[in-house]
Amino acid sequence: MHSDLDLHAPATDGSRAARKDEHVDLALGQQGDGAAHNEFDDLDFVHQALDGVDAERVDLGVGISFRAGPRHAAGEWHWETPFYVNGMTGGTERTTRINRELAIAARETGLPMACGSVSVALDNPDAARGFAVIRAENPDGFVMANLGVGRPASDAPRAVELLGANALQIHVNAVQETAMPEGSRDFSSWIASIEQLAAASPVPVVVKEVGFGLSRSALRHLSEIGVGIADVGGRGGTDFLRIENARRSAGEYAMLAGFGQSALASLLDAPQNAPTLLASGGVRTPFDVVKALAAGAQAVGVAGAFLAAIGKDGESGGAERLIALVDDWKLRARAMYALLGAVTRDDLLGTDLILRGRLREFCADRGVNISALALRSESPRP
């Protein structure tokens, strides 16, 4: 589930809160599709039977570099793991419980964590507790606040202050807005809005899609306006087109099913001058994490699989279930690094990748050098 819960159309606090809880139910309903094929299944590694390393040598830590901004210096975040809790929700009693359990699990496992859109809390201070609980339960962890594009620039420092955030996600969700009954249809000012929010933010900004991918052109635009980090947020995970169609009396936008690019397609199609890339969307297992890292992501956001472990109501014990799941993901990720001969994330960039199905078709049509991907181990690393 992605942090999509910011709306540009006016809404009462009650209707917005109900919508947040409804989104949780509909997103969890899609978790039954978790075994379904997505484009992570269209990427294979060439098995090198004699290239493995000792799993004890594997370092799962990653460094996320970022450019200087008007109010912050360039630098690098150091995360213990290559995956993190991506933005989900907040602002109601139910989602406050979910955020509390997520924050406890993040604290105990060292995972960075993003929240859902804080716009509801900025508009209604009574909803702020649903987000502030994240920092209260995880005082020393890495936390990302979240705003939707189109919000006033002055909201950026307010969002950061609410969570004592280390970074600010700005989410873009044009496909969802198109299908959303209350959604905006004017996307003409979004580039300017991102630039203004980034300039006003006292911490580095991550621009993220909510499940439809960031194209080569979009990543170039972000780089040109100085955005240093982007989460490509691809198709294949929680489907907000389906969610908004389910909220309609008739599925008027079901015709757009399958619209957009997957996370892997976005990563492999990214331009040389792209911002530092994160990836999310359709990540079901630690093997999907490893595939995204090998395709160019610096780190990978996980939402739906972690929300399912917490439980739909954030009931007591959800944090313990998620802690156990994260520990298992770390163990299995380390084993897969070792199998692939990778001591660090950067070593995965030298593995040989075979593309199949829709992912291969997309990359071929976009001029991605598929043969070079399959022979990376035979070429010197740049």
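Of the 382 residues in this chain, 57% count as buried. The model is a predicted one.

**The chain as a whole**
- Among contacts between residues at least 6 apart in sequence, 74% join residues at least 24 apart.
- The chain exposes about 14,600 Å², of which carbon and sulfur atoms supply 51%.

**Helix α2**
- Helix α2 covers residues 93–109; at 1.5 Å a residue, its 17 residues should span 24 Å, and the end C-alpha atoms are 25 Å apart, which agrees.
- Because 12 of the 17 residues of α2 are buried, this helix is largely enclosed by the rest of the structure.
- The buried residues of α2 include Arg94, Asn99 and Glu101, as well as Ile98, Leu102 and Ile104.
- Just after α2 comes Gly110, which takes a positive phi of about 80°.

**Helix α5**
- In helix α5, residues 155–163, the buried residues are Asp155, Ala156, Ala159, Val160 and Leu163.
- An α-helix has 3.6 residues a turn, so residues three or four places apart point the same way.
- The cover over the buried residues of α5 includes the helices α3 (119–123), α4 (129–137) and α7 (190–200), together with the strands β6 (143–148) and β7 (167–172).
- Gly164 follows α5, and its phi is positive, near 55°.

Key. Residues are numbered from 1 along each chain as its sequence is written. This is a predicted model: local features need pLDDT of at least 70, side-chain atom pairs count only at pLDDT 80 or more; totals for chains, interfaces and linings use all residues. Side-chain values use heavy atoms; hydrogens and water are left out. Helices (H or I, at least four residues) and strands (E, at least two) are DSSP runs, numbered from the N terminus. The expected span of a helix is 1.5 Å times one less than its number of residues. Buried means under 20% relative accessible area, exposed over 50%, partly exposed in between (1.4 Å probe, protein chains only). Contact means heavy atoms within 4.5 Å. Accessible areas come from the Shrake-Rupley method with a 1.4 Å probe; for residues, only the protein chains shown count as cover.
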